[in-house]
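Please walk me through this structure.

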Amino acid sequence: MKKFSRREFLRISGIGTAAFSVPAAFAGIIPIDVHGRNVAIFNSKFRKGIHTICDLCPARCGVIGFLRYEDIVAIQGNPNHLNNQGKICARGIAGVNQVYDTDRILHPLKRIGKRGEHKWQPISWEQALAEMSRRLQQIKNSKNENQFVFQADPHRLRGLTKRFLQAFGKPTLLTGGSYQDFNRQSANQRMWGVDRGIADAANSQYFLIFGGNPFETHPDFVQFNQRLIQARLNKRAKLVTVDPRLSNTAGSSDEWLPIKPGTDAIVALAMANVIVQNQLFDEQFINRWTDVTVNQLKSYLAQFTVEKAAEQSLLDASKIERIALEFARKQPGVTLTGGGLTNHINGFENERAVMLLNIVVGNIDRRGGICLPRSFPIPDFAPLELSNSTMTDFEFFETVSKNQQRVDFYFAYKNNPVYEYPNCELTRAVFKNEQQMPYIVVMDTVMSETAALADLVLPAATFVESWDLDSSPSYEMRPFVALAQPVIQPQGEARALGDVCLQLAHRLGGAMRNRLNWEISEAYFHSVINRLDFVPDDEGLIKQGIWYDREADPVYESYKNGGFQTKSGRFELAGSSAEKRGLAAYRPIQEHIQLQKDELILLPYKVNVMRNDLANLKWLAEIHHTNAAIINTKTGRRLKIKTGDYVILESKIGKMILKAHLTEGIQPQVVAISEGLGHWEYGNVARSKRFKSEDPDTNFLWWEKQGNGTHPYFIIPVAIDKSGKGQGWNDTKVRLYKA
Ligand code: SF4
């Protein structure tokens, strides 16, 4: 690989010392005409595009930010990007709203009133950094590094942040709220050493989805869906969705199976049984590459008949059998799982049971199957090992509330646990308690529910104002590396987290400074790019926003060279010798077995355009801003409730009131509520407040009278699957009655 000096790097990228003051001279600028897109009414000479990466969800799509003079006016997909191929979702487009949000935090703020009183004093970064580094030094001196608690989404715990946390010692790491699927990760890690498989969707002929709604919430939303649609159109691939709710995906499927929540494992095991009984299994793969034999598998699965599965799941036995046979005969096909499957207290076993379907047909890391992730190893960018291995993330604040965990310094980066954790009331009480949480720092773009209770609030740069590198799993089965670079100067005094890590490390000195010995994050990314020996064309990476080997063909069945990343080197269905768990089991959720006449299972669900942390983006809030208690028409008749009636939902920890909506599109024992609404902080748009500002749109908030919806996490208690450490978001039993 050609090595280049900083001077050469700056020449290639067009970045000089005046980079931020002259954005049109930034890295990888392309004239709009290259892609022939018409993004704005301005004359094309004012529109310049700069490649970067969207970080509003873990999909990390390649995007282009378009400038008019020094303002970003549009965000569109980067057609060069291997994964998203020029397409992005509504959230990425609305990234512009985040930059110019009139509620955006633009300066460091220090609390001067009581917690939650909203009394703030703007302070300098110097003062903020001095205060934080003094406290961090005290923690280091006392050798109680785990009393520094750092919370961020996993895809943000990389690069300089990872270096900072590793150099600090062993801080306690919390990795996010309801989007974190610990059960799925943990089950996959133990089976084949990866967090999740990647569906080779473009080459599949059958998609069997359990509890997933990819048309709204897949972690690789754009990447996966465009290939699924391609397979549907080009290969007439079949789509079957097993879900209690007629989601957008279920509604677009060939068949919808409205399953009783939490019973997926027995359905998947019965399907696997049908496949092996009909001799449709891949004997060679099972015997050679798993830790069980075909005979062991056959005799274990024999107990799971379709009749038993039908009794538990309330599905039709003949349908379970037919779908199983279809899936096995119409290969290559894949199963796909989502939070509807894994966000249960039996979610770990559910994930293992569904994976068994891919195993019996042997469609692992094969064309059109469920594949190992293909990505490049970037120094500092591998997942950070979590230190709090005995603590489950969602139990953390409960433990603090019982004074069983000490927290001297809590830092959240674009995370909002007061809103995003189960039992919000308990988490809110912990954050208000100055004995239990003596020092809280939140770095974010808006005043979230957690930031409102902080001692120090720091203005965070958005993704179009920051550097980053990414090698997410490839959906073309060839790895790539992509570069994020600033499209514009950070607004106000906002800074990137990497720069704050550098500045804190320099103040702490010693080994911390040695590990983070760059002046600015740009210089760090320059040094990382220089070390990417597999990239022969740094200039291409900078100009195109992505590099991959265009000559390389996808390689399948890579496990045949060296095995799977497990102790045995095999796909571990029964567990390693150190941790023998046996084959996937069905563990019924006891609370759901006997439901009284007015009792239902609460199912919170995610809507594509309304993530919990995007509620203040005006284009998204205009699309989705209210929610209802969605119940089946039969349930409504039984409880004498009509659409539009106010109803009360009561769980063992609280009550909420909202309007009912009746539909045929939901399993009769379920009440569903969309998430991401009902903010009590977070800015005016999130709270549906019309107001006057320099942005004329804020005075046209036409949905003000409809309110801003309700937030179901207030009535969802902490309920942990001990095997996978995931939260049982979908297990709360509620009483539903007229208000
Ligand atoms: S799927 Fe949407 S939000 Fe996620 S990275 Fe892509 S454009 Fe951004």
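The domain assignment divides the protein into domain 1 (6-100 + 463-494 + 532-547), domain 2 (109-179 + 393-459), domain 3 (182-371) and domain 4 (590-738). These bounds come from an automatic or database domain assignment. The centres of domain 2 and domain 3, taken over C-alpha atoms, are 39 Å apart. This is a predicted model, in which local features need pLDDT of at least 70, side-chain atom pairs count only at pLDDT 80 or more, and totals for chains, interfaces and linings use all residues. Residues are numbered from 1 along each chain as its sequence is written, and side-chain values use heavy atoms, with hydrogens and water left out.

Turn to the sheet. Its 4 strands follow the order 12-11-10-13. The sheet is open, and the pairing is parallel. Strands here are DSSP runs of E with at least two residues, helices are runs of H or I with at least four, and both are numbered from the N terminus. Two strands pair if DSSP finds at least two bridges between them. Which strands stand at the edges? They are strand 12 (255-257) and strand 13 (333-337). Each has a single partner strand, so one side of each is left without a neighbour in the sheet. On average, neighbouring strands of this sheet are turned by 15° against each other, direction ignored. Axes are lines fitted to C-alpha atoms, for helices over the stretch in contact, and angles run from 0 to 180 degrees between N-to-C directions.

Helix 16 (residues 347-360) packs on this sheet. Helix 16 touches strand 10 and strand 13, and its direction makes about 170° with that of strand 13. Contact means heavy atoms within 4.5 Å.

Now follow strand 11 (residues 238-242). Strand 11 pairs with strand 10 (residues 206-210) in the parallel sense over 5 bridges. Phe207 has Leu239 as its bridge partner, and Leu208 has Val240. Strand 11 also runs parallel to strand 12, joined by 3 bridges. There, Val242 stands opposite Leu257.

How many residues of strand 11 are buried? The count is 5 of the 5, so strand 11 is largely enclosed by the rest of the structure. Buried means under 20% relative accessible area, exposed means over 50%, and partly exposed lies in between (1.4 Å probe, protein chains only). Lys238, Val240 and Val242 point one way from the strand, while Leu239 and Thr241 point the other way.

Helix 6 (residues 182-192) is another enclosed element. Here 8 of the 11 residues are buried, so helix 6 is largely enclosed by the rest of the structure. Among the buried residues are Phe182, Met191 and Trp192. Their cover includes strand 13, helix 15 (339-342), helix 16 and strand 14 (370-371). Gly193 follows helix 6 and has a positive phi, near 75°.

Next comes a loop residue. Asn423 lies between helix 18 (417-420) and helix 19 (424-432). With 13% relative accessibility, Asn423 counts as buried. Asn423 touches Ile653, Tyr713, Ile716 and Pro717, not counting residues up to four places away in sequence. The C-alpha atoms of Asn423 and Ile716 are separated by 5.6 Å, although the two residues are 293 residues apart along the chain.

Finally, look at the ligand. Residues surrounding the ligand include Cys54, Cys57, Cys61, Cys89 and Phe221. A residue is near a molecule if one of its heavy atoms lies within 4 Å of it. Helix 2 (90-93) and helix 8 (221-235) each supply at least two residues of this shell. By class, the shell has 9 nonpolar, 1 polar and 2 charged residues. Ala, Val, Leu, Ile, Met, Phe, Trp, Tyr, Cys and Pro count as nonpolar, Asp, Glu, Lys and Arg as charged, and the others, Gly among them, as polar.
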